[in-house]
Structure formats: structure tokens, C-alpha cells
Amino acid sequence: MSARMTLIAAALLSLTGCAVGPDYQRPQAVLPEQFASAPAGAANDAATLADGWWQAFGDAELNGLVERALKDSADIRIALARIEQTDAVMQQAGAAFFPEIDLNGNASRISPSRATWTANKLTPRPYNDFKLNGLMVAYELDFWGKFRRAREAAIAQASGSRLYRDTVRLTLAGSVTSGYVSLRSLDTQLASSRASLKTREAAVAIAQHRYEAGKVSALDVQQAESARAALEAQVSVLTQQRELQLHQLALLVGAPELEIAPRDDLRTLPMPPVPPSGLPADLLDRRPDVRQAEQSLISYNAQIGVAKAALFPSISLTGFFGGESADLSNLFKSSASLWTATAIVNLPVFDAGYRLGKLDQATAVQKEALEQYRKTAQTAYREVLDALVSLRQTAVTEQAREAQMKAAANAERISRARYEAGSAAFLELLDAQRSSNDAQIAFIQAREARLNASVAFFKALGGGWGTGTGPVAQR
């Protein structure tokens, strides 16, 4: 049989052989069919998809920051390098299906011993030896499916590395969006605090004027100065927090020189759409970390087959075709040609349980991956439930804080009028101003919390829930 026919027969044997080990069976559902009710509000089924969900916040600057982060962040480059690694492993696994073919040769000048009969009688001393091994072929039959299982595992690993990249993208986009919302919240808090500071400065001037007119004691002036100094400290702390938040955003975006101009617009930043009631739990299948956990399970399940195939005999075919001659000019003549063809069967007989131990190890690793997949799915489900609760309660909190802010502002106006009319003590006005400032800050922080609850919900669902093609924001 020619070498070509031998290889064809080997390939057919590999294709018809069985692949030992368990075929992958997706675990049964361990989650309820639906999530709890969504928060009250107008739902939009065509909300956002996994790609571009942050656009639902309706801010062009935010969109640019997220896109820049997804392009320039070191975390993304690390994930891409991991993809390259797993692709290389997949290429190696695929190469095992083909014979290994090498071409080599050598030229030697040999001086044999004169003390042997063979050297003295038959071999000139010294002599040349030119050898062309030509094509050397080695091929192991995949009769038990070892290579097929290894490639199955490698493909799952490669898919998992891409899902890891998607997880990094989702996390990074969420961090940038949350960081941007926090930055805008600090901008708004700063604007509100500076406005309150001007009110306190005006109160100092009023108290000073009334003191000079003999209408009040020096106590009113000192109380006014104390309240003004407290606002100055508040502005300083908020300014520090803003700078630190900007530095964090710069790190996430991958731009140390990042500068973002202050904008007092958090109160007008649109809220993303709320989800409809009865969201199906299988939406979690779009979460890349859940899908990555399943790919790891697929890979480790296939590794059981690799370990099991090692318990069975392996069949390898080797051969080469070349030539050997003492003269270089005769090396390529037919009389100098030589070839070999060998079939090798390797049957494990005794290894003190080494291969069985490898099989048990692979089985145990698969069990761990199964439980990790279930835990990842259950954690994702809990995160969605937490996000739904946060969406619902932060909306209630924001509404209450807004009512508090309006009432405190009215109280401040009344107290100011009473003080200027001389019918109220200055301490009453200071308390009203302090309450108004605190209520404004609390409302801004409630708005921030509600926006970040939306970010958490998008992340928990892996990007969104709708089937539309674009985001729709609502006021």
C-alpha cells in the first residue's frame, strides 16, 4: 500500500472511530421563569440592546467617553491578548488532526575505528556519508476521539475568551457611565452649594448691617459667619471629590490627560426607560459572564473525553522516504533511495493508576465548573432582582426628596422675610437655610442614585431587554 493510501485509510479510521467521554448536556434551569414586577412607569420594549445601552442616558459626552474607553482601555487590550492565546490553543488542537511532515538531511565525514574487523575489511577510512531523510511523516489515529475532544475543549475556551472580553466591555461601560453620573452629580452639588454660599454671604451682610444699626447683637453676625464658613468647607470637599472622580474616569478611559468641563445638568439628565413587567429570566443568557461560565463547563466536559481516551490503545503511523550515499552526486539516484513505514500500537498496561487519576481529576473539575455555572446564573438573577428593587425605591426616594427640597426652599423664603421684618430670630433663618441646602444636596444625590440604579440594571441584564434597534430615553 502506498503512503498516500495509508494516510487516507488512517483518516477514514479516525472519522469512523468513537469519541469517548460524555457529550455536553446543558444543565436544567435552576432559576424561576420570570423576574419580579418591574417598577411603575412607562415601559418600552424597544429599549436598549447589549451594544450601546449607555446611549439611553441621552448624553453625547458620555457616549464619547464610553466609546473611547472601549477602544483605549488597558483592560480591553488585556482581553484581546487573551483571545489571541486561546485562538492559538485552538489552532494547536486542530493541527493534531493532520500528519506531521518534516524534511531534513545531513552530511557527515566519518573516521571509523581500525580495531574492528568491519572497519578494516569493508569500510574505507575516513569516508563521507550524505543522507537525505526527505519526507518524514508521523500521524496518530484519533480512533477514540482524543483530538476531537481536545478541539471541542479548545473551541469552548476560545469562545469563553471572547465572552470574557464582552464581560470586560460591559463592566467597563458600566463603570464609565456610573463615574460620569457621579461627576455630573458633584457638578450639580457644587453649583447648588455655591448658590447657597452666596445666600450665606448675603445673610452675613444683612446681619452686619442690622448689627451696625443696633437692631441685633454681635451673636447674629458670628452665627452668620459660622454658617458661611461651613458652606465654604462644603464647596472645598465637593471640589476635591470632583477632582478625584475625574482622575478615576481618566484611568477607566485610558486618557490620563482627560478634562471634562463642569455642567450643572444632573437634574435634567433624562432617565432611561424602565423595564416592562414579567421579564423572562432567560434574558440572563445574554449576560457574557453567564455564557462564559457555560463555555468553561463545555470545555471541562470535553476534557473528560481527552482523559478517558488515554486509557485506550493509541495507534500511530510513521514513515519516511529519502536517500543515503557516500557521494553527493549519487544521493538522488534510485539506487540510493530508502524508505520505511511503521505502525505503532501503544497499549497502557500498568501506570499505578496515573491515567485513572487524570480521569478522576477531569471529572472533578467538570463538577466544579458545573456548580460555578449554576452559581454564576443565580448570582446574575439576584443582581437583577436587586437592581429592580433599587429602581423602584430610588424613584420613590427621589420623589420624596424633591418634595422636601421644595418645602425647604419655601421655608427659607418665609424665614428670610420674617427676619428682615424683625419678627424672627436670626437662628431661625440659619436653620431654614441649612435645611434648604441639605435638601437640595439630598435631592441631587437621590437623582444620582436613581440613575446609577439604571446603570446597575443594564449591567445586570447584560445590556438591556428589548428587541428594538435603538435606545429611547424618557424624562
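Select Asp 431 and Arg 434 in this predicted model. Their side chains form a salt bridge, with N and O 2.8 Å apart. Both residues sit in helix α9 (residues 426–460), 3 residues apart, so about one helical turn separates them. Colour the pair by accessibility. Asp 431 is partly exposed, with a relative accessible area of 34%. Arg 434 is also partly exposed, at 38%.

Next, select Glu 383 and Arg 287. Here the salt bridge has an N to O distance of 2.7 Å. This pair links distant parts of the chain, 96 residues apart. Glu 383 lies in helix α8 (residues 354–420), while Arg 287 is in the loop between α6 and α7. Arg 287 has 5% relative accessibility, under the 20% cut-off, so Arg 287 counts as buried.

Now go to Arg 242 and Asp 187. The closest N and O atoms of this salt bridge are 2.4 Å apart. Again, distant parts of the chain are linked: Arg 242 belongs to helix α6 (residues 218–253) and Asp 187 to helix α5 (residues 146–212), 55 residues apart. Arg 242 is buried, at 7% relative accessibility. Asp 187 is buried as well, at 6%.

Last stop: zoom out. How many salt bridges does a search of the whole structure find? The count is 28.

Key: Residues numbered from 1 in each chain as written. Predicted model: local features only at pLDDT ≥ 70, side-chain atom pairs only at ≥ 80, totals over all residues. Heavy atoms only, no water. Salt bridge = Lys/Arg side-chain N within 4 Å of Asp/Glu carboxyl O. Helix = DSSP H or I, 4+ residues; strand = E, 2+ residues; numbered from the N terminus. Buried < 20%, exposed > 50% of the residue type's maximum accessible area, 1.4 Å probe, protein only.
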